[in-house]
2 protein chains.
Amino acid sequence: MSIVTVGTVAFDAIETPFGKTDKIVGGAATYIAWAASYFTKDLNVVSVIGDDFDMEELHKLEARGVDTSGIEIKAGKKSFFWAGKYHMDMNSRDTLATELNVLLEFNPVLPEAYRTADFLMLGNIDPMLQLNVIQQMAKRPKLIIMDTMNFWMDSTPEQLNAVIKEVDVLTINDAEARQLSGEYSLVKAASKIQEMGPKFLVIKKGEHGALLFHKNHVFFAPALPLESVFDPTGAGDTFAGGFVGWLDKTKDISFDNMKRAIIFGSAMASFCVEKFGTERLQSLSEEEIHERIEEFVQLVQVDIDLVG
Amino acid sequence: MSIVTVGTVAFDAIETPFGKTDKIVGGAATYIAWAASYFTKDLNVVSVIGDDFDMEELHKLEARGVDTSGIEIKAGKKSFFWAGKYHMDMNSRDTLATELNVLLEFNPVLPEAYRTADFLMLGNIDPMLQLNVIQQMAKRPKLIIMDTMNFWMDSTPEQLNAVIKEVDVLTINDAEARQLSGEYSLVKAASKIQEMGPKFLVIKKGEHGALLFHKNHVFFAPALPLESVFDPTGAGDTFAGGFVGWLDKTKDISFDNMKRAIIFGSAMASFCVEKFGTERLQSLSEEEIHERIEEFVQLVQVDIDLVG
């Protein structure tokens, strides 16, 4: 089995109530790759960077078995850069700078070897590029997972809907699910969104957990109450990486296994927010991941004997 | 075993995006009593009403085994009245009218028979009255549960802290836990609040579920994603009623049983919001409650085999 992911590989400058960074490596595909690398070694990244990029960081991913040959390096150009400042609640943030740079001319071309992957993980990026990547696949992947955001709902809704129609799993947050469906109730929203294409809908609620909808089934994964959230950047992408990584590792795309994938994604995201950028994701042990999973399981563990 | 609850018994006029009511019967003690009545028949209410009250509604509670002899009826006076209008998100609301009426001269006096109750459930009301009621108990109840709100944190923080010091379980929402503790992280907030007195802290997060903290243990109960929330009025009180009702029924105040109590409270609250006021709470069957509990259990059910 194998995963292809497309998304940004970028520089971020982050300010939180607890500190600030200079330019550090970020981007959706970076977080997805780090998280998924704990579950699978057949992971292929499609992205674009400038020659200003920190190649050492790419080498670290390669050392974990990630194939980065699908990352185009544009000579004389600068990498995508985002700067933002989080408020105390860590849910809202101000964007201080967005320099698209190489992203403006991103035209993803999948290496031949990538085109038969079983899992296609589309990071949040222009829907036209997401569709372009789907069309380059030589065979229909077993599962196409798509992340997106409200920006595309506002700016290019038709293009967005065209991609949504083609995917199996859509991951968005609760406000976006409401916007996309025009329904306030998440149950109704999930029903409408499934009619738009995706058989599975993951609604990410940040510190309030995540919901997985499929037909008339619903699963809820809590978020772990954390002593401190240091930097939420990349948590959603890390979630997606853990999710698809687990599915690839287990070769099982049943609803029951997706529930497990949601827990693994949530666990990886809970690590991500403990330090700036990908720092925490770079130093995890299998034992730490298992302990964290156990905490998620215990958090909702209750024995109810209704006969008693 | 037995429960004494003190709180408002009142008229509400409610407007939601789905409809509006004339004056209907509400108040914290009303919701607590309805919810708890499905678990215990030794339930005693302390409150105050005017002679304008709808006595038929009190008789319905009595028919379910609720002792209302602790509800003082003030001749020639009007009952407490609240009118409010909910916004589309059902989390925020505008208060259209607050007529304290009899509440201004509420001086709760516990009938002798009430003073040896095992459970004391203090609904949200002036902390001075809550403390007054605690002091009237002939013996220290096995468990004192207190609900309160940000209004008292703003207006009478010293009196509030004096009551909090005396109780075993405090139930507040997430914003209130942050305000009370001065900590943004709910884990840190829970730790600080436990130092203020309560050995157990329940943080209610509405549509996002509820957390139970005790020492370094934490339990999370999800909220059931609902097709439609019709009227959230009284959901928190209904939660408290189901919580204390279950504890009284099972005579077990261990952390493990409190986890069950949280699920039963959440289930009762999920019924409450399906119709205006107490309407849905007046017509439940044991079977419906068990089915709902099963839905809560299934919602987070996942089997993870970490060895595999």
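A crossing of two helices is called left-handed if the near helix is turned anticlockwise from the far one by less than a right angle, and right-handed if clockwise. Keep that in mind for the helix pairs below. What you're looking at is a predicted model, where local features need pLDDT of at least 70 and side-chain atom pairs count only at pLDDT 80 or more, while totals for chains, interfaces and linings use all residues. Residues are numbered from 1 along each chain as its sequence is written, with chains lettered from A and ligands numbered from 1 in the order in which they are written. Helices (H or I, at least four residues) and strands (E, at least two) are DSSP runs, numbered from the N terminus.

Start in chain A, with helix H9 (residues 255-272) and helix H10 (residues 286-299), which pack at an angle of about 115 degrees with their axes 9 Å apart. Axes here are lines fitted to C-alpha atoms, for helices over the stretch in contact, and angles run from 0 to 180 degrees between N-to-C directions. H9(A) and H10(A) are therefore roughly perpendicular to each other; that label covers 65 to 115 degrees, with under 35 roughly parallel, over 145 roughly antiparallel and the rest oblique. H9(A) passes H10(A) in a right-handed crossing. Where do they meet? Residues are in contact if their C-beta atoms, placed from the backbone, lie within 7 Å, and on that basis A:Ile263, A:Phe264, A:Ser266, A:Ala267, A:Ser270 and A:Phe271 in H9(A) meet A:Ile289, A:Arg292, A:Ile293 and A:Phe296 in H10(A).

Now hop over to chain B for another pair. The axes of helix H6 (residues 174-181) and H7 of chain B come within 9 Å and cross at roughly 60 degrees, so H6(B) and H7(B) are oblique to each other. H6(B) passes H7(B) in a left-handed crossing. On the H6(B) side the contact is made by B:Asp174, B:Ala177, B:Arg178, B:Leu180 and B:Ser181, and on the H7(B) side by B:Leu186, B:Ala189, B:Lys192 and B:Ile193.

Staying in chain B, helix H9 (residues 255-272) has 18 residues and reaches 25 Å from its first C-alpha to its last. That is close to the 26 Å expected at 1.5 Å a residue. H9(B) is mostly covered, with 15 of its 18 residues buried. A buried residue has 20 or more other C-beta atoms within 10 Å of its own, an exposed one 12 or fewer, and a partly exposed one falls in between.

How do the chains touch? 28 residues of chain B are in contact with 28 residues of chain A. Helix H7 (186-195), strand S14 (217-221), H9 and helix H10 (286-299) of chain B each supply at least two residues of that side of chain B, and the largest share, 4 residues, comes from H10(B).

B:Pro222 is worth a stop here, in the loop between S14 and helix H8 (235-250) of chain B. It counts as buried because it has 24 C-beta neighbours inside 10 Å. Leaving aside neighbours within four places in sequence, B:Pro222 is in contact with A:Phe220, A:Pro222, B:Gly209, B:Phe296, B:Leu299 and B:Val300.

Finish with B:Lys85, in strand S7 (residues 81-86) of chain B. With 14 C-beta neighbours inside 10 Å, B:Lys85 counts as partly exposed.

How values were computed: The expected span of a helix is 1.5 Å times one less than its number of residues. Two residues are in contact if their C-beta atoms, placed from the backbone, lie within 7 Å.
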